[in-house]
Amino acid sequence: EFIVPNLKCKTLSASRFYLESSNLSIGDIREIGQIDEMENAYVIAQNPPYDGTTALGHGGKINVSNFFT
């Protein structure tokens, strides 16, 4: 199991890279506002949220909300 990381204020691209190193991945993506380049959009919310204790198993997914770049 892996502790859910804090993805807020990271770009979607950086979040994907970080999660892949922990055998986790991005789940559903909710777009807020007009996003021209999704990989450069910033994560403003995630589910499950970061709390320092919640863990996901191998292959777990974190849903994110992205805001325009």
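**Labels and their criteria**

Modeller: The accessible surface of the protein chain comes to about 4,300 Å², of which 49% belongs to carbon and sulfur atoms; such areas come from the Shrake-Rupley method with a 1.4 Å probe, and for residues only the protein chains shown count as cover. This is a predicted model, in which local features need pLDDT of at least 70 and side-chain atom pairs count only at pLDDT 80 or more, while totals for chains, interfaces and linings use all residues. Residues are numbered from 1 along each chain as its sequence is written, and side-chain values use heavy atoms, with hydrogens and water left out.

Biologist: How do you know what radius of gyration a compact globule with 69 residues would have?

Modeller: The rule is 2.2 Å times the number of residues to the power 0.38, with the radius taken over C-alpha atoms. For 69 residues this gives a value near 11 Å, and the protein chain has 11 Å, so the two agree.

Biologist: What makes up the secondary structure of the protein chain?

Modeller: There are 1 helix and 5 strands, in the order β-α-β-β-β-β from the N terminus. Helices (H or I, at least four residues) and strands (E, at least two) are DSSP runs, numbered from the N terminus.

Biologist: Why is cysteine 9 called exposed?

Modeller: Buried means under 20% relative accessible area, exposed over 50%, and partly exposed in between (1.4 Å probe, protein chains only). Cysteine 9 has 66% relative accessibility and therefore counts as exposed. The residue is in the loop between E1 and H1, and its phi is near 70°, a positive value in a residue other than glycine.

Biologist: Why does asparagine 23 count as partly exposed?

Modeller: Its relative accessibility is 37%, so asparagine 23 is placed in the partly exposed class. Asparagine 23 lies in the loop between H1 and strand E2 (25-32), with phi near 60°, also positive in a residue other than glycine.

Biologist: Which residues does asparagine 6 touch, not counting those up to four places away in sequence?

Modeller: Asparagine 6 touches Gln46 and Tyr50, where contact means heavy atoms within 4.5 Å. At 34% relative accessibility, asparagine 6 therefore counts as partly exposed.
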